[in-house]
Amino acid sequence: MSLARHKNERISKDQYFMNIAIEVARRSTCTRRQIGALIVSDVGEIKSTGYNGNPRGLPHCHEIGCIRDKLGIASGTRLETCTAVHAEQNALIQAGTNSRGSTLYSTIVPCPICARMILNAQVARVVYIDDYSDLAGVELLKQAGTRLTRLDKKNFAEKLACPK
């Protein structure tokens, strides 16, 4: 491939960072849905990553089974029943104040709990590729003026289909 051809096919920063978030999701220990998140500064430096799974020191769902499955709880409901920490929450915890003014990349739109944390962390922009059954988080982010960008899922279909 010639250098000129390569330059013409360069992916956008949003695609680049979302590809990394998808890869981060592969570390998830959730048996329902693997989510990855990434916090990137306003100058394009990765500040932190996060994936969903139980807190440190607790057994993971892929080892003991999912309590939500055992109780028949539908996606997007009774979030407090799940013992896992969301990918966005893990990324925010690790970034600390470095998340101020940043962009958060997530493989899914944030839930209402994560949206509130994103607002308090003063994240400027959220980029995502997939919906969540509860879109109240989107409404909170919009209400507060957080910029939202939804990337086309079909551009990531091959990566999203990769087995754990």
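**Exercise 1.** In which strand does Thr-103 lie? Determine also whether Thr-103 is buried or exposed.

*Solution.* The model is predicted: local features need pLDDT of at least 70 and side-chain atom pairs count only at pLDDT 80 or more, whereas totals for chains, interfaces and linings use all residues. Residues are numbered from 1 along each chain as its sequence is written, and side-chain values use heavy atoms, with hydrogens and water left out.

Step 1. Thr-103 belongs to strand β3, residues 103–106; strands are DSSP runs of E with at least two residues, numbered from the N terminus.

Step 2. Thr-103 counts as buried because its relative accessibility is 14% (buried: under 20% relative accessible area; exposed: over 50%; partly exposed: in between; 1.4 Å probe, protein chains only).

**Exercise 2.** Describe how β1 pairs with β2 and with β3.

Step 1. With β2 (residues 46–51), β1 pairs in the antiparallel sense over 5 bridges; two strands pair if DSSP finds at least two bridges between them. Ser-48 in β2 is the bridge partner of Ile-39.

Step 2. The pairing of β1 with β3 is also antiparallel, over 4 bridges, and Ser-106 in β3 stands opposite Ala-37.
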